[in-house]
Amino acid sequence: MRILFVGDVVGNLGMDMIHEYLPQLKRDLKPQVTIVNGENSTPVGRGISQNIYKQLLKDGADVVTMGNHTWDNAELYDFIGDANRLVRPLNFPGDTPGQGWTKVKVNQQVLAVVNLQGRVFMNPMDDPFAMMKDLLPKLDTDFVFVDFHAETTSEKRAFAMRYDGQLSAVVGTHTHVQTSDAQVLPHGTAFLTEVGMTGPANSVLGMQADSVIERFENQRPTRYTVQEKGPGLLSGCVIDINDKTGHATRIHSILISPQHPYQS
């Protein structure tokens, strides 16, 4: 089984990169499942809309994951109940609309796709470690991919090592800068601390640099605005999983940017 995962899509430039490159990546890499994090995909870089959700599916996503900006576009409340390929963090409170995981059939296997959010330097959430422990027996499959949306490298890595051998892959999102530590852990779980973002290359995590610099220089509240012009980048990773054991055999990162043009 091969999984293609693409990191946080930010604004219109992120959607343009998905539209241009995701079909090419699928053609060349031939993944059985394609997962895209869409929590920043609106033009303002916060939340998701129904049209964008449908466009991500049309461009090739099988599952769309979310994160701490899940509810930043109120339109989500109108369609999340019918969006069976959209998963928000599982560890929101129990009565939160939507689903925290879903399943995708891949030939004779079933892949569970789980979305979890970290708690360090983030809004209060239920314990992702405990929720994963409770969820595992209910999944009834050895093939489990987790988008772990968290701030700190330590929480992401601790989670992956806690469940090494019980999960097929744990890939971090949220901090938008791809790390270079893609690896298969000793007991067979593929891990990458941060997959990176898909959006404007000449920006600060997708936002216009001037507004972010102003905040750092004067320490006063500043409205961040998505960078809308210039080149884009696409960050992702590809994971190969043993069809019999559910353990990963390989993970490698993908980066398409002005410095790393796409070569099919």
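Where is V204 found? V204 sits in the loop between β11 (199–200) and α6 (209–218); helices (H or I, at least four residues) and strands (E, at least two) are DSSP runs, numbered from the N terminus.

Before going on, the basis. This is a predicted model, in which local features need pLDDT of at least 70 and side-chain atom pairs count only at pLDDT 80 or more, while totals for chains, interfaces and linings use all residues. Residues are numbered from 1 along each chain as its sequence is written, and side-chain values use heavy atoms, with hydrogens and water left out.

Back to V204. With a relative accessible area of 31%, V204 is partly exposed, where buried means under 20%, exposed over 50%, and partly exposed in between (1.4 Å probe, protein chains only). Together with V177 and L205, V204 forms a nonpolar surface patch of about 220 Å² accessible area. Patch residues have over 30% relative accessible area and no salt bridge; like charges are joined within 9 Å, nonpolar side chains (Val, Leu, Ile, Met, Phe, Trp, Tyr) within 5 Å. Areas come from the Shrake-Rupley method with a 1.4 Å probe, and for residues only the protein chains shown count as cover.

Next, salt bridges, meaning a side-chain nitrogen of Lys or Arg within 4 Å of a carboxyl oxygen of Asp or Glu. The count is 5. One of them joins D240 and R2 at 2.6 Å, N to O. That pair links distant parts of the chain, with D240 in strand β12 (residues 232–241) and R2 in strand β1 (residues 2–6), 238 residues apart. D240 is buried because its relative accessible area is 16%, whereas R2, at 22%, is partly exposed.

Another is R46 with D72, at 3.1 Å, N to O. R46 lies in the loop between β2 (33–37) and α2 (50–59) and D72 in the loop between β3 (63–65) and α3 (76–79), so the pair ties together parts 26 residues apart in sequence. R46 is partly exposed at 43% relative accessible area, and D72 is partly exposed at 39%.

Last, L86, in strand β4 (residues 86–87). L86 is buried, with a relative accessible area of 2%. L86 and T65 are 21 residues apart in sequence and 6.0 Å apart in space, C-alpha to C-alpha.
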